[in-house]
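Visitor: I would like to go through the labels attached to this model and hear what each one rests on. Please set the values against the cut-offs.

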Amino acid sequence: MPISSSHILVSRQDNIGDVILTLPMIARLRELNPTAKITMLCRGYTVPVVRLCADVDDVIDIESIEDDLIGYLKRTRVDTVILAQPDRALAYAAFLARVRNRIGNARQKLYQLFYCNRRVRFSKGLSEDHEAQINFEFLRPYGETNIPPREDIPALYHLEIPDDPVCTAKLAGHAFNLILHMKSNGHGREWPIEHFVSLAHSLQDNPAIHIWLTGSAAEGAWIEEHGQAILALPNVTNICGMLSLQQLSSFIKQADGLIASGTGPLHMSAAIGQRTLGLFPPTRPMHPGRWAALGRRAINLTAEKSCEDCRRITTPTCDCMRQITPATVLQIVLSWEADQKSLSQANQS
């Protein structure tokens, strides 16, 4: 029999991209439980992104309650826990707190077989679905067996992002603002820095287009050390480490396009509805079949086949990524600029 809930805790304590790709499932969870309170448990640094989602009533960072999980579950009267990411401590705490519905993937971790009483069973490694689709498996205890097609995912992002005046001021002087998020913090295979340099160089004679480099402070330091060729170009500004996560969301929203590999800002950009280009290797589990940017204006590029020993490569980039040429990416950027110009002319007429 399908369950019902009054206070649902959805746990996803990994990285920004993983958290964002959980939000479409939460949108459907809201439809199934219109009067329930939905709380998301995540790492502190991802909290600002989750707060932008209209389907989430409250956000809790794991750092603030990890020493008293049982007490938190009891105090807040959580009656359903969804382990969208395996978490032994939370599963055990929910069991001891006698949370009525404890949903977890029994094929993923053995302890979820013991501590979860509303078990789902699926294999991510064998699935042909995208990560955003796979998350819908956790809704089976509610009687929901429908996995939405990829083209339906963008409509399930209910993000409300206010404009930030700092971002507005930075972007105001340029007709077309292009964001290059060059690094992935080790979470994705990266497009070679020399390809980014070639792209930026090809665009330097176009006065309408300005390039912004985004990333963490540490990524900015890496670019300072290894990317002098791109930093020397007059059409490039490095703002790595200068924006908070909420400001970055606003910056992406107010810009005109973003290019990145499989990293959090890529999925954020797609979810916002920004022009987005994702660059991926064709190799499982990093391939676009699992991690493509899904958005109404998102495009993804990948090589036709994997390079030799691709899965074993530990360097940030590989020959698969080198096969995605700057010329191909340039044509997409120029099409974006033409689209933006047409929209601007239409709005002025």
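Visitor: Why is D79 called buried?
Guide: D79 has a relative accessibility of 7%, and buried means under 20% relative accessible area, exposed over 50% and partly exposed in between, with a 1.4 Å probe and protein chains only. D79 therefore counts as buried. The model is predicted, so local features need pLDDT of at least 70 and side-chain atom pairs pLDDT 80 or more, while totals for chains, interfaces and linings use all residues. Residues are numbered from 1 along each chain as its sequence is written, and side-chain values use heavy atoms, without hydrogens and water.

Visitor: What makes D79 and R100 a salt bridge?
Guide: The closest N and O atoms of D79 and R100 are 3.2 Å apart, and the rule asks for a side-chain nitrogen of Lys or Arg within 4 Å of a carboxyl oxygen of Asp or Glu. The pair therefore qualifies. D79 lies in the loop between α5 and β4 and R100 in the loop between α6 and β5 (101-105), so the bridge ties together parts 21 residues apart in sequence. Helices (H or I, at least four residues) and strands (E, at least two) are DSSP runs, numbered from the N terminus. R100, at 46%, is partly exposed.

Visitor: How do you know that R30 and D57 form a salt bridge?
Guide: Their closest N and O atoms are 2.5 Å apart, within the 4 Å limit. R30 is in helix α2 (residues 23-32), and D57, 27 residues away, is in the loop between α3 (47-50) and β3 (58-61). R30 is buried at 15%, whereas D57 is partly exposed at 45%.

Visitor: How many salt bridges does a search of the whole structure find?
Guide: The search finds 17. One of them joins the side chains of R290 and E131, at 2.8 Å from N to O. R290 is in helix α15 and E131 in helix α8 (residues 131-134), so this pair ties together parts that are 159 residues apart in sequence. R290 and E131 are both buried. They also belong to a salt-bridge network that includes R12, D14, D18 and K124.

Visitor: Where is D309, and what is its phi?
Guide: D309 is in the loop between β12 (298-302) and α16 (319-322), and its phi is also positive, about 55°, although it is not a glycine. At 44%, D309 falls in the partly exposed class.
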